[in-house]
Amino acid sequence: MKNRVAIVTGAGSERGIGKAIACKLAKKGAAVIIADLNEKGANIVAEELKEKGYKAVGKEVDVTSRKSIDHLVEAVRHDFGKIDILINNAGIARPTKILEISEEEWDLLFAINMRGVFHCTQAVLPSMIEQGFGRIVNISSIAGKQGGGVFGTSHYAATKAGVLGFSKAAAREVAEYGITVNSVAPGLIDTDITVGMAPELREEKTKLIPLKRSGFPQEVAATVAFLASNEAGYITGEEIDVNGGLLMD
Ligand SMILES: NC(=O)c1ccc[n+]([C@@H]2O[C@H](COP(=O)([O-])OP(=O)(O)OC[C@H]3O[C@@H](n4cnc5c(N)ncnc54)[C@H](O)[C@@H]3O)[C@@H](O)[C@H]2O)c1
C-alpha cells in the first residue's frame, strides 16, 4: 500500500476496530488519516503510529455533518494530494427495545451509521473518479444480516442492513472508474461497544459462537485491509463476515 492515502473514520477509540484497521493499513505502508469525533483520541492513535515510524495524522470529524466531512476531505487532499482508500467505520450501537426507542435515538443512529457512510462516500468519490482508482470498505454488522441479536437492536440492525444495500448499489455505480465498494460484517468483537454488555449476556452470546470466543479488532482489520489492497481489485459489492461462525450464509 505504499503511496496509498487512507481515511479511517471512527479510528480514535483506544480498543476499537477503527484503530486496528488504521494500524494494519499503516503497517502495509499507507499514509493513514485517523478521523474521529474524539479529536484527542484520534491524535493519540496517530502519535502511536508515528512513534512506530508509520505515516499517520489525527483529524477531528463529525460524520453527521457534511460540512465537517468536506472540511476533512479538503484538508486531506491539500496535505496528501489524493484519497485512495476510505474505511467507513464510525458507528454507535444501542440495545434499546423498540417500544423504548425515541425518535432522537433513532435519528442519531441513522445520522452516524448510515447517513455518515453516504456523506463520506459522496465526498471522496470525485477525487477517486478523477484518478480512476478507489477502495471503499464499509463496516456493517452481523446485526444487519440476522436482525440484531448480539448487542444493537432494531434501529442498529436497520442502519447496518442499510449499509449493505448502499454498498452494493454504490459498487455498481462506480465500478467503471476502478473503484470497489465492499462491506465487512463483524460479529461479537472486543471493543468499547461490547465491553458494556452484561457479563451474563456476553456469556450467553459467546456460547452460540462455533469458535467459542469473541473476536479481536485485528481479525476484522485483516479482512478490511485485504479488501482495501490492490490484490482485491476484482472483488466489489461483496460482504464478508468476520463472526467466528455465528452466522453462516
Ligand atoms: N464491536 C463489535 O462487536 C462490532 C460488531 C459489529 C460491527 N461493529 C461496528 O464496528 C464499528 C466500530 O465499532 P467499535 O466496536 O470499534 O466501537 P468504538 O466505540 O470503539 O468505536 C467507534 C468510534 O466511532 C467514533 N464516532 C462516534 N460517533 C462519531 C461521529 N459522529 N463522527 C465521527 N466518529 C464518531 C467514536 O468516537 C469511536 O472512536 C462500528 O461501525 C460498529 O457498529 C462493531
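This is a predicted model: local features need pLDDT of at least 70, side-chain atom pairs count only at pLDDT 80 or more; totals for chains, interfaces and linings use all residues.
**Pocket briefing**

Residues are numbered from 1 along each chain as its sequence is written, and side-chain values use heavy atoms, with hydrogens and water left out.

**Terms**
- A pocket is an open set of points on a 1 Å grid over the protein atoms alone, where a 1.4 Å probe fits, with protein on both sides within 12 Å along at least five of seven lines.
- A volume is the space filled by probe spheres set on the points, which are joined across faces, edges and corners.
- Helices (H or I, at least four residues) and strands (E, at least two) are DSSP runs, numbered from the N terminus.

**Second largest pocket**
- Its volume is about 260 Å³.
- α1 and α9 (217-227) each supply at least two lining residues.
- α1 gives the most, with five residues.
- The lining holds six nonpolar, two polar and seven charged residues.

**Largest pocket**
- The largest pocket holds about 790 Å³ of space.
- It is lined by 38 residues, with Asn89, Ala90, Gly91, Ile92 and Ile193 closest to its centre.
- Two or more lining residues come from each of α1 (17-27), β2 (31-36), α5 (142-146), α6 (154-174) and α7 (192-195).
- α7 gives the most, with three residues.

Conventions. On a 1 Å grid over the protein atoms alone, a cavity is a set of points where a 1.4 Å probe fits but cannot get out, and a pocket is an open set with protein on both sides within 12 Å along at least five of seven lines; lining residues have an atom within 4 Å of a point. Ala, Val, Leu, Ile, Met, Phe, Trp, Tyr, Cys and Pro count as nonpolar, Asp, Glu, Lys and Arg as charged, and the others, Gly among them, as polar.
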